[in-house]
Amino acid sequence: MSDGNGSSTLSPHRPELVSDAVPSRRPRWIELTTSGDHKDQGRLMIGASLAFLVLGLVEFVLMRAQLAVPQNTLIEPITFDRLLSVGQTTLIVLFAVPFAIGLFTYVVPLQIGARGTAFPRLGSFALWLYLSAGAALYVSFAYTPPEANFNALPPLSEPAFISNNGVDVWITSVGLAVLGMTLQALNLTVTLRRMRAPGMAWRRLAPFSFAGAVSSWLLLAVGPLMLAALTMLEIDRHFDGVFFDAGEGGAPIYYQHLSWIFFTGCYVLMLLPAIGAISEIVPTFSGKPLFSRGAVLASMVAIPVLGVLAWMQNMFTASIPVGWLYGAMLMALLLLLPLGLTFYNWLATLAGGAIRLRAPMLFALGAISTLAFGLAGELIQAVIPVNWLLADTVAATAETAYVLVGGSVLGGLAALHYWFPKMTGRLMGESMAGLSLLLILVGVHLTFIPMFLAGLEGQPVDAYRFFEGQGLDTYNLIATIGSVVLSIGILVSVINAARSASRGVEVGPDPWHGETLEWYAPSPPPEHNFDVIPDVRSAEPLRDIRDAVLAREGSSEQAEQGAPVA
Amino acid sequence: MLGPESAHSPNAEDLNALYWVMLAIAAVLALAANAALVALVVRHRAVRGRSARRVRSRGRAQFIVAGGLTAIAIVIFAAGVIVTHSASKLDSAGADGLQASRPLTAQRTLDVPSGDPQPLKITAVGQQWIWRYEYPAPAADQSSSPNPSAPAGTGASASFPQTFSYYELVVPVDTTVLLTLDSTDVLHRWWVPGLGAKADAIPGTLNQTWFRADEEGVYDGASYAFSGAGYPAMRTRVRVVDVPQYQQWLAEQAQGIQKGQAFVQAQLAEGGALVDNSEGDEAPGGSE
Ligand SMILES: [Cu+2]
């Protein structure tokens, strides 16, 4: 999309009318929560998902407290089952996925040079569906919280076995959240397709926006399947349905397939935003472009495809013809290619760089380190015979948790630290960031290495107690201590974000010397994001702009500060 | 400590062997990535007067890495298929075992051919929250040489009561046991560490696993699928004994069950109170 005369990337080609300064007539909080601005929606999603992360951690620590010693009676069995069901649902459906979507909602339009999303009201609707989902789940503590685990598998979730409203609460909550996130994925998909700045070809997309595109396609694929499964389950429960009733010609395994496709998608959604964010942060703080961008972007497409096709690796113990299982194993093992290539290219980006260890970079490095352990653990589990040993022991929980912490938590926090100055105009406190990262890294190993070892000894997953004399006592005690360290570490970052929003060090629009378009906008950006939308001529549009400024002004001052130029 | 429970069945040996290989591969990959990460960050910290080298990627390095990773994945896949196959194949019973069963190629749902040497077929039924084991009647050739403790008056095998036990599965040593899994209510998952693979028990579909315990003793296991409030209590035990002990136990168990049934029958015959509800509307007032 280069224009013939090529004088500058800065001159506005399209006259745009922008009015921004209309004073609001309603209170601030109403303006914020009803806003059509993707930045308000994104910030609310991020804030809410971090709040749910804290709730999920509280539930996790309570469960670990019950499992600190054998045959503990600290927490009632039914309460444990409820904490288990609500806690895991919270961490996956109310934290990991919305945190990813919230970050994409905020960052993607800025990165692609758009003035908003394609369907601003749909974004608002999605936000409210998500908040309602969280409310539905937590209000149920006042009457009947769910108790059928995070996936509510039938027949257990059929009224014959759990007749109370807990399962219905779970169906409602997960349904609302999935619907909201899927609609927002649709919004982002259309935004990415139709509203990119001139010259912003797919191959020039910033890695995080590319991850946003792939994540949205993924949610559009797996979200409706989960909604279908939930609907069928509800029909089974209340309208004499027989979809999953083995006695009436249905089969519970259909639900297993549908829900595992969805939850495998969620698992990939723990990875993709982290991969996208790391692929921007590592280059920025190494002072080098991403090594082999094309390979990383291609990997981001391959990961959800292979990952979701491997959903049956969660069902290796089921009565499924072995050929299907081999197929799932092959897909899961082939993930080694895109994931390994991505890691290799991150490392190659570091090589020869001038690495600045600022907070976002530290979190990105912590995420890479933790993901290496988690994904290696997944590789072990991908092999059918080894899976027969480890599946459904606490070792499997430990491996998934490594990916949740490495991807959603550390990768997500890296993204938050990186774009926080864009959202607020202020930096997050660096010393609190360092403390948080240290505690998280110590906590994750302290919690999940002992849990892996306990799983090898055969400790079953999801049980409210374990028994003495099986060599599990020490492992569980250490894991409980670790879970406290881990949770405090995460909490420090959440507090840091809340504090820094008003008290952080003020910075300009481009504190990290980034190469992508969002740093071209002021911090925080105005409602319309950009006064002038520049033409994009490479994958590093801001570098082009700096060069243009340099050529025009003959001075590096302004480029150094990264001030918006127009 | 880093490994699974020691194997006491041929298929468990397969599983454990592949576990160690995979653990080694995973550990090398994870530790190599972390070591490289630390080394690169230490080496390339920004210092004054040195700027980053803008190296463009070379295609060749990508292809070498990609090829290497794909090769690893394919080799692991091949090993996974081979070990899955071998762990699913029922070995024949050992020298001290109950019956010499011929090797069978097994899928997860085995279709065991009829014919001479058969494995010992036991059904494990999961129910909230206990395992029930159903044993076969002694084979015809064994009943021809009557066990001294066999219940007197056992007529045709049809009248031989189904022998069952709860919680504890008793099996003869060195004998191939084919375990068919079923459930009467929700999803359960059977596994005894050291004795092979986990397998689901779900209503409506039969599933199978097998083991051949190499040593007499007691092996503890559990249910590995969340099945509601009593799930952690759903444990199980496999007691491995020698063949005569097994046959004696089976006969005693059968005798005990028969005694119990006879007792119930007598009670039913005496007092009519227990009889009438067995037919007709057993749930008065309830809708169908
Ligand atoms: Cu069970």
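**Exercise 1. Find the partner of Arg43(A) in a salt bridge, and say how far apart the two residues lie along their helix.**

Solution. Arg43(A) pairs with Asp40(A), with 2.8 Å between the closest N and O atoms. A salt bridge requires a side-chain nitrogen of Lys or Arg within 4 Å of a carboxyl oxygen of Asp or Glu. Both residues sit in helix α2 (residues 38-66) of chain A, and because they are 3 residues apart, about one helical turn separates them. Helices here are DSSP runs (H or I, at least four residues), strands are runs of E (at least two), and both are numbered from the N terminus. Over all chains, the rule gives 16 salt bridges.

The model is predicted, so local features need pLDDT of at least 70 and side-chain atom pairs pLDDT 80 or more, while totals for chains, interfaces and linings use all residues. Residues are numbered from 1 along each chain as its sequence is written, chains are lettered from A and ligands numbered from 1 in written order, and side-chain values use heavy atoms, without hydrogens and water.

**Exercise 2. Describe the contact of chain B and chain A.**

Solution. Step one is the residue count: 82 residues come from chain B and 83 residues from chain A, where contact means heavy atoms within 4.5 Å. Step two is the area: about 7000 Å² is buried, 71% of it on carbon and sulfur atoms. Buried area is the accessible area (1.4 Å probe) lost when two parts are put together, summed over both. Step three is the salt bridges: the interface holds 1, and it joins Asp392(A) to Arg189(B) at 2.7 Å, N to O. On the side of chain B that touches chain A, the elements giving two or more residues are α1 (10-43), α2 (59-88), β6 (188-191), β7 (199-201) and β9 (217-223).

**Exercise 3. Which atoms coordinate the copper ion, and why is their arrangement called tetrahedral?**

Solution. The donors are His188(B) (ND1), Ser223(B) (OG), Ser227(B) (OG) and Met234(B) (SD), at 2.1 to 2.7 Å. A donor is an N, O or S atom within 2.8 Å of the metal (3.2 Å for Na, K and Ca); water is not among the atoms, so sites may look incomplete. Along the chain, the donors follow the spacing H-x34-S-x3-S-x6-M. The 4 donor atoms subtend angles of 90 to 127 degrees, so the arrangement is tetrahedral; four donors count as such if all angles lie between 85 and 135 degrees.

**Exercise 4. Where is the cis peptide bond that ends at Trp129(B)?**

Solution. The bond runs from Gln128(B) to Trp129(B), with omega near -5 degrees. Trp129(B) lies in the loop between β1 (120-127) and β2 (130-135) of chain B. Most peptide bonds are trans.

Methods
Four donors count as tetrahedral if all angles lie between 85 and 135 degrees; four count as square planar and six as octahedral if opposite donors are over 155 degrees apart and all others between 65 and 115; anything else is irregular.
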